[in-house]
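Good morning, and thank you for coming.

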Amino acid sequence: MPSDAAAARLDADGRRLHPLTLVFSALGIARGMLWPAVAGGFGFGDGELDRMLPIILGVLAIPALIGAAAKYALYRWRLDADELLLRSGVLNRQNRVIPLARVQNVEVRQSLLQRVFGVAELRVETAGTGLQAEAVLSVLGVGEAQSLRADLLARRRAQATAAAVDVADGAPAAEPVDHAAVPPLAKLSTWDLLLAGATANEAGVIAAAAAGLLQFTEELPGDVFERVIRDAVERTEGAYAVVGIAGMLLLMLVGWMISILGSLVRYHGFTLVVDGGEMRKRFGLLTVHEASVPLQRVQAIRVEETFLRRWLGLASLMIETAGGSPGQRGGAEAFVPIARRRDVGRLVRGIFADAEVDAAQFQQVHPKAERRLRRRYLITFLLFVWAPFWAARWFDIQPGGMLAPYVAVLLPLPWLMARWQYASRGWALPPGYVMARSGVLNRVTWIIPDRKLQTLHVVDSPFQRRLGLSTLVVDTAAGGKQAAVIDLAHSTARRLLEELAVRARAAAIASRVQVRTRAAEVEAAEVEAGPGANDDPCPSDHLPA
Amino acid sequence: MDRPEPDAVLTAEPPAPPAEAPVQRLDPRAVTLWRLTGALWWAFWTLCMIIPWLLWEWPLALMLPVAALGVAWTVWVPAASYRHFTYQVGDVDVRVMHGWWTRRVAVVLHSRIQHVDTRQGPVERAMGLATVVIYTAGSVGAMVGIPGLAERDAELLRDLLAHLSGTDDAV
């Protein structure tokens, strides 16, 4: 209860770390300083061992001892019924409160040296990208660490059932499922993969890379490259432009072929099965990849349609995941590399069973967004016109006739791009989900369940403010990109913010009810089965995010 | 093209706003804190600019933009930042509004708070101020910070948020 401040509680009853922290912390700091110390030793010791050694030891020892002493003196921790309190820091003093209901994982770790001295490290992690433990108590006595761990987990369990921790739905299935019987959600044929490679935007990137390789053509024996060019120029009677364009087209063709080949090799035999709360993928020709992702971890689905694919009625699906076990990063990964647009709804429902994405009605962003985009594209356009002109002056070439058609082709682009970009932006609120869409060359549609919403932001730059626009940013636990709806009317953005906050809360409550019901069911089953039937002492130790 | 009005999509009436939580401001000393750090940075950069002037006779005019920025960050920006920084602790969420150039509103549901820190740099400690940092499971927007609070207020806010996060409101 927020009665006495945590600081007072830490002062009164806060525990210190084990005295051996002085040693281990010092070692840790010294290890960090090793290379600078050695370098300094060499520098100032003039290569003589008996002069270098004291310098190195001095450089290592002093900060190590001071740091370790400070840490031991200042670090305090305390475990309450509902919270873990920590205080640390010398220059930057930090007081941390971790509600036990949020703890996901508690680990006791021992290095070899720690084992010898009978001490250990206790690491406490909450949900999140899992890159760093939220609390690291280094070092405690082994017994103390283990009993603290048991204590923490016991109190957390009490908190979790009493106060209904917000865990998402879907505990792992109790009975094993017959894997062979489940039909795959998606299976890609060779033709599909060919299409995937042929329509990927990466062809352009590969062409650019190939162009970069051109500079190495000087290494080719016998001036092969130059002779080829000279032949070509002679044959076309000196039309450099034609040769240039032909060359570029050739490069793009090569890039395209590489893209197709790459896709065929990488995703050969792609099969995706959703089964038992888990998604399993299998693909690859040379290296066979088998990956499985618990459906829990999926924070959002992203549908990507490149320009070409949109025209052919194809799409690519990615999932954004949260980090799971400690040290595992979340991020984007392929869900289905290529699929027919009309299958997208069914595929999305494979992961988010109640998502009605096909029926979603997208709302436009504010019309003034088009004005902003036009301004931006005009500036880019001016740069594109001015740059070659300036380059021509620099190289003393007369662009002459080329310039007029060049400008004429580019001229309508700012208006067209602004219109297309504006039309591509939209948002939708199907029941239980929020969707955001944008992009011309690559149209990206985000599908995020309400229960996965983390923080919500409304941001406006001064330029947006002048036009009465704002951007809504939706954050999930996925490590990586954020979904944003850019240039909404400010009032719409605020109302959307409120709506999403309400929905997120409703989703949290709903999943809590599910947890409580399930906990009650588990308890009832245990009571029925009799004592000793369930041997697992910590059934809920590893809660999914 | 016929598109439904956004209002038809959002709930018929705007959801009843949570009973308006009081709008809190930072401690007024935050302005002094920011002025102090602003002045320190200004001094640092001015020194950096003086060295090339002394050694290699770079024109003094180069120091003008640094001086101008320094004045802005010491005199004007801290006051503007203070004016635009508010927060509200509601029944279901915490809202933090800040920014004088780019304005941001961040909403964190209590049920999404993972843990809460208070943090004090050396200057803050000397002035008796602290920053509250709210951590969520989110990735990019994972941390929401409220700086420039009186030490005691920061501690109370931290404990309150941790408590609200751990228990959250009854179903």
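A helix here is a DSSP run of H or I with at least four residues, numbered from the N terminus. Please bear in mind that this is a predicted model.

Let us begin with helix α2 of chain B, which covers residues 29-56. How far apart are its end C-alpha atoms? They are 41 Å apart, and this agrees with the 40 Å that 28 residues should span at 1.5 Å a residue.

The buried residues of α2(B) are A30(B), V31(B), L33(B), W34(B), G38(B), M49(B) and P52(B). Their cover includes α3 (63-84), α4 (122-127), β6 (129-136) and β7 (143-150) of chain B.

L54(B) also lies in α2(B). Is L54(B) buried or exposed? Its relative accessible area is 59%, and because exposed means over 50%, L54(B) counts as exposed. L54(B) belongs to a nonpolar surface patch of about 880 Å², together with I51(B), W53(B), L55(B), W56(B), W58(B), L60(B) and L62(B). Just after the helix, E57(B) has a positive phi of about 55°.

I turn now to the sheet. Seven strands form an open, antiparallel sheet in the order β19(A)-β18(A)-β17(A)-β4(B)-β3(B)-β2(B)-β1(B). At its edges stand β19 (483-489) of chain A and β1 (24-25) of chain B; each has a single partner strand, so one side of each is left without a neighbour in the sheet.

For β19(A), five antiparallel bridges join it to β18 (residues 469-474) of chain A. In one of these pairings, L472(A) has V485(A) in β19(A) as its bridge partner.

Methods. Residues are numbered from 1 along each chain as its sequence is written. Chains are lettered from A and ligands numbered from 1 in the order in which they are written. This is a predicted model: local features need pLDDT of at least 70, side-chain atom pairs count only at pLDDT 80 or more; totals for chains, interfaces and linings use all residues. Side-chain values use heavy atoms; hydrogens and water are left out. Patches are made of residues with over 30% relative accessible area and no salt bridge: like charges are joined within 9 Å, nonpolar side chains (Val, Leu, Ile, Met, Phe, Trp, Tyr) within 5 Å. Accessible areas come from the Shrake-Rupley method with a 1.4 Å probe; for residues, only the protein chains shown count as cover. A salt bridge is a side-chain nitrogen of Lys or Arg within 4 Å of a carboxyl oxygen of Asp or Glu. Helices (H or I, at least four residues) and strands (E, at least two) are DSSP runs, numbered from the N terminus. Buried means under 20% relative accessible area, exposed over 50%, partly exposed in between (1.4 Å probe, protein chains only). Two strands pair if DSSP finds at least two bridges between them. The expected span of a helix is 1.5 Å times one less than its number of residues. Contact means heavy atoms within 4.5 Å.
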